[in-house]
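Open the model in your viewer and get ready to select residues as you read. Each stop tells you what to pick and what you will find there.

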Amino acid sequence: MAELITQPAVMTGEGWDDYRLLDSGNGRKLEQYGERRFIRPEAQAMWSPRLAEWDASGEFVPGSDEDGGGRWNYSERVPSGWPIGWRDVRFVAQCTPFRHLGFFPDMAPVWDWMRGQLAGKPDATSLNLFGYTGVGSLALSECGPVTHVDASKKSVNQGKDNAALSKMDDRTIRWIVDDAAKFTAREVRREKRYDGIILDPPKFGRGPNGEVWRIEAGLPDLVGDCRALLDEDSKFLFLTAYAVRMSSLALGGLLAEKLKGLPGKVEHGELAVREFGEDGRLLPTAIFARWSNS
């Protein structure tokens with residue numbers, strides 16, 4: 001039976017050549033994406049900035065609704081997209097209406113962790129639910145076939161474009177536009193199994209046919225269906241949650257209950273990114289829970 005480790009852990013992203021957290025404070029953060037710098041809101045940056053001035057190509061100014069809305073203000077011309085990379089994966093960074101830049105840089109240590117879990121297992125099969133623009137799927141494709149699921153056709157098409165940009169379009173990746181919960185339930189009925197599953201669900205969302213997703217209501221059943229797709233030879237399940245009023249221990253407890261009967265352990269904690277430079281501070285970004293069998 002998987003053991004729940006109650007002591008929380010921190011998975012820290014240190015940045016890399018094409019991405020750096022340069023500074024943070026006063027509810028904002030300054031990041032570098034390739035040759036460009038951007039300012040975005042960050043409620044958890046409660047301290048003061050280290051730098052006296054922030055020079056950026058643009059800043060996202062949030063709307064009055066804490067759950068979304070806002071606009072980009074640019075100080076110079078910014079293209080609709082520009083290529084950057086992480087390790088062997090290439091992808092397009094772009095300023096989206098949702099304040100993101102087309103991928104989640106705090107997931108970099110997760111991509112490394114998943115690759116490590118599948119190392120030495122030939123043709124490992126992975127399922128990426130709420131896969132967005134496919135950077136995680138491309139990272140996992142090094143280990144074997146990947147099924148990538150997202151409700152947004154635009155995001156799935158961007159994932160295919162990123163695969164071509166990475167010269168990985170010959171790898172075995174199923175790109176599927178579907179509601180994650182409905183797709184997973186169908187996989188259970190098909191008696192499918194996977195070596196690894198990653199879930200990165202939003203707090204709220206809609207499927208391609210108007211399906212409504214609320215994380216508090218939908219997550220327990222979805223994790224239960226994911227359990228049916230795993231067995232004692234599977235290697236991991238990784239779950240993240242952003243901007244939610246719950247603790248990582250709650251996510252860990254959910255995994256411990258739903259994954260009962262599997263060997264290994266369940267851990268939980270926070271994702272964080274370290275500021276670039278000497279004495280860089282850790283900026284927390286999300287909570288996670290993970291099951292591993294290694």
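Begin by selecting Pro62 and Gly70: Pro62 stands opposite Gly70, which belongs to strand β7. This is a predicted model, so keep that in mind along the way. Now widen the selection to residues 58-62, which form strand β6, and you will see that β6 and β7 pair in the antiparallel sense over five bridges. Pairing of this kind runs through backbone hydrogen bonds, and it can be either parallel or antiparallel.

**The open sheet**

Show the whole sheet next. It is an open sheet of five strands in the order β3-β4-β5-β6-β7, with mixed pairing. Which strands stand at the edges? They are β3 and β7 (70-74); each has a single partner strand, so one side of each is left without a neighbour in the sheet. From one strand to the next, the twist averages 20°.

While you are here, select Arg28 and Glu59. The two form a salt bridge, with the closest N and O atoms 3.0 Å apart. Arg28 sits in strand β4 (residues 28-33) and Glu59 in strand β6, so this pair links distant parts of the chain, 31 residues apart. Arg28 is partly exposed, with 31% relative accessibility, and Glu59 is partly exposed too, at 23%.

Move to Asp23, in strand β3 (residues 19-25). Is Asp23 buried or exposed? Asp23 is buried, because its relative accessible area is 0%, and the limit for buried is under 20%. Show its surroundings and you will find contacts with Lys29, Leu30, Pro49, Arg50, Leu51, Trp54, Glu275 and Arg281, leaving aside residues up to four places away in sequence.

The backbone nitrogen of Leu51 lies 2.8 Å from a polar atom of the Asp23 side chain. The side chain of Arg281 makes a polar contact with the side chain of Asp23, at 3.3 Å. For one more distance, pick the C-alpha atoms of Asp23 and Pro284: they are separated by 13 Å, although the residues are 261 apart along the chain.

How many salt bridges does the structure hold? There are 22. One of them joins the side chains of Arg20 and Asp17, at 3.9 Å from N to O. Arg20 is partly exposed, with a relative accessible area of 22%, whereas Asp17 is exposed, with 65%.

Then select Asp112 and Arg87, another salt bridge, whose closest N and O atoms are 2.7 Å apart. Asp112 lies in helix α1 (residues 108-118) and Arg87 in the loop between β8 (82-86) and β9 (89-93), so the pair ties together parts that are 25 residues apart in sequence. Asp112 counts as partly exposed at 30% relative accessibility, while Arg87 is exposed at 59%. Finally, select Asp23, Arg50, Glu275 and Arg281 together: salt bridges that share partners join these residues into one network.

Select residues 196-199, which make up strand β13. Gly196 and Ile198 point one way, Ile197 and Leu199 point the other way, and all are buried.

In β16, Phe236 is the bridge partner of Gly196.

**Two helices to finish**

Select helix α4 (residues 180-189) and highlight its buried residues: Ala180, Phe183, Thr184 and Glu187. Why are they on the same side of α4? They cover an arc of only 100° around the axis, which puts them on the same side. An α-helix has 3.6 residues a turn, so residues three or four places apart point the same way. The buried residues of α4 pack against β10, β11 (146-150), β12 (173-177) and α5 (215-228). Just after α4, look at Glu191, which takes a positive phi of about 60°.

The last stop is Asn162, in helix α3 (residues 153-165). Asn162 is buried, with a relative accessible area of 1%. Leaving aside residues up to four places away in sequence, Asn162 touches Arg90, Phe91, Val92, Thr133 and Leu138.

Note on methods:
Residues are numbered from 1 along each chain as its sequence is written. This is a predicted model: local features need pLDDT of at least 70, side-chain atom pairs count only at pLDDT 80 or more; totals for chains, interfaces and linings use all residues. Side-chain values use heavy atoms; hydrogens and water are left out. Helices (H or I, at least four residues) and strands (E, at least two) are DSSP runs, numbered from the N terminus. Buried means under 20% relative accessible area, exposed over 50%, partly exposed in between (1.4 Å probe, protein chains only). Contact means heavy atoms within 4.5 Å. A polar contact is a pair of N or O atoms within 3.5 Å; within protein, one must be able to donate a hydrogen and the other to accept it, and residues adjacent in sequence count only if both atoms are side-chain atoms. Two strands pair if DSSP finds at least two bridges between them. Axes are lines fitted to C-alpha atoms, for helices over the stretch in contact, and angles run from 0 to 180 degrees between N-to-C directions. The arc is that of the directions from the helix axis to the C-beta atoms. A salt bridge is a side-chain nitrogen of Lys or Arg within 4 Å of a carboxyl oxygen of Asp or Glu.
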